[in-house]
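Subject: Structure handover

Hi,

Here's the structure I promised to pass on to you. Have a look at it first, and then read on for what turned up in it.

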Amino acid sequence: MKVIVLLVVVAAAAYFAGTHVRRAIFKGDGSVGHALGRERKSEGAVGTRAYDNEMGYFAMYRQNIRRTGYLDVELGTAYTERWRMGGINPNSHSANKASGVYTSDGRRLLIPGDSGIVYCFDAQNGTLLWGSSIDPRNEYGIHGTPLVHRGVLYIGAYDGAMYAFRVHDGVRVWRTQIGGSIGSSPLLFEGKIFVSVETPKPSGILAVLDAETGALLHASEDIANHPHSSVAVDEELRVLAVGANDGVLYIYSVDAPYALLRTFELERIGKGAPAIKGPIMIYEHCAFFGAWNGLLHAVHVANGTLRWAQAVGDSMGGVAVDEGSGV
């Protein structure tokens, strides 16, 4: 295994400007190359990249089901602001959390906010094309990054429900109540939505939904504390991994009945557990994640054993890897 590095959100700093309630789009001289699929070019592009494969166009948090989080991007040095929109995150959790997602033609930008509204903007001039709300709205709204697949946007919200909205007009396709709140980002695999859900105990659920209908296919009750972490899938081993605030990595089968196969528990610090709050990244059949014990971990998803741990400092962020070079 080669070097793995923590993801530093430099691109977000370059693309988003202004106060914590504003989004800005910049026009620059950089171009965007291939991202695990057909090459795309975009001028001053912002948001989670999408790619084409056998599933058709889709956009997903950190690019793919393994959450590798890497883009082959060459950034320019000169940027001018194209447009700016305020009021996306006006409530109590007002820092930017979700990433924007483009439609396949690059003409629309979809951004959720802690207002509980998903906004669709014209990416070129910032015109608001539509806004669709979760129901009921609350003070925390939406924290996760949307998943877009074949003209439908999927997102979880802090009312504990998953939503599907049509991209072209914002009409709600379905709403499925699952638990107390959802702060993670959904994942699409083989026609199913996988998402970690918080319940008030505190505890958590791994939820599996039919992407077309929103039917809840499975809701585990194995997670012993809130899972802020977003799940990642190892498609070869047919497993997924998700972390939680109890300092445990949970490894499930991606096939029905979606059994909990194994866990990996971090050593407790004093009376508390070192929470795993960031997304899981899977590379070479290992789950990579930081935690509040100051360590970056690599855990074998096949058997739940530790491969290595390296001191990096407390982390809520994710890990990224260039699968081509292993860096």
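Let's start with some rings: Trp 83, Tyr 119 and Phe 121 form a single aromatic cluster. For pairing, the rings of Phe, Tyr and Trp (its six-membered ring) count if their centres lie within 6.5 Å, and a pair is stacked with planes under 30 degrees apart, edge-to-face over 60, and tilted for the rest.

Before going further, a word on where this comes from. You're looking at a predicted model, in which local features need pLDDT of at least 70 and side-chain atom pairs count only at pLDDT 80 or more, while totals for chains, interfaces and linings use all residues. Residues are numbered from 1 along each chain as its sequence is written, and side-chain values use heavy atoms, with hydrogens and water left out.

**Back to the rings**

The structure holds 6 aromatic pairs. One of them joins Trp 83 and Phe 121 as a tilted pair, 5.4 Å from centre to centre with 45° between the planes. Trp 83 is in strand β7 (residues 79-86) and Phe 121 in strand β10 (residues 117-122), so this pair ties together parts that are 38 residues apart in sequence. (Strands here are DSSP runs of E, at least two residues, and helices are runs of H or I, at least four residues; both are numbered from the N terminus.)

Are these two residues buried or exposed? Trp 83 has 7% relative accessibility and counts as buried, and Phe 121 is buried too, at 2%. The cut-offs are under 20% relative accessible area for buried, over 50% for exposed, and partly exposed in between, using a 1.4 Å probe and protein chains only.

There's also a charge to look for: the charged end of Lys 277 sits over the ring of Trp 292, 5.1 Å from the ring centre. To count, NZ of Lys or CZ of Arg must be within 6 Å of the ring centre and within 35 degrees of the ring normal.

**The chain as a whole**

How many helices and strands does the protein chain have? The secondary structure comes to 1 helix and 28 strands. Of the 327 residues in the chain, 53% are buried. Taking contacts (heavy atoms within 4.5 Å) with a separation of 6 or more, 50% are between residues 24 or more positions apart.

The accessible surface of the chain is about 13,400 Å², and carbon and sulfur atoms account for 51% of that. These areas come from the Shrake-Rupley method with a 1.4 Å probe; for residues, only the protein chains shown count as cover.

The peptide bond from Lys 201 to Pro 202 is cis, with omega near 10°, and Pro 202 is in the loop between β17 (192-199) and β18 (203-210). Ala 256 and Pro 257 are also joined by a cis peptide bond, with omega about 10°; look for Pro 257 in the loop between β22 (248-253) and β23 (260-265).

Then there are two glutamates with positive phi. Glu 190 has phi near 50° and isn't a glycine. You'll find Glu 190 in the loop between β16 (187-189) and β17, where it is partly exposed at 45% relative accessibility. Glu 284, not a glycine either, has a positive phi of about 50°. Glu 284 lies in the loop between β24 (281-283) and β25 (286-290) and is partly exposed at 41%.

Ser 230 sits in the loop between β19 (216-219) and β20 (232-234), and counts as buried at 5% relative accessibility. A polar atom of the Ser 230 side chain lies 2.9 Å from the backbone nitrogen of Ser 185. Leaving aside neighbours within four places in sequence, the residues in contact with Ser 230 include Tyr 61, Arg 67, Ser 184 and Ile 280.

Ser 133 belongs to strand β11 (residues 128-133) and is partly exposed, with a relative accessible area of 28%. Beyond its neighbours within four places, Ser 133 is in contact with Gly 116, Ile 117 and Phe 165. The C-alpha atoms of Ser 133 and Ser 115 are separated by 8.4 Å, and the two residues are 18 apart along the chain.

As for the cysteines, Cys 120 is buried at 0% relative accessibility, and so is Cys 286, at 0%. With a disulfide defined as a pair of cysteine sulfur atoms within 2.5 Å, the count comes to 0 disulfides.

Cheers

Definitions and conventions:
A polar contact is a pair of N or O atoms within 3.5 Å; within protein, one must be able to donate a hydrogen and the other to accept it, and residues adjacent in sequence count only if both atoms are side-chain atoms.
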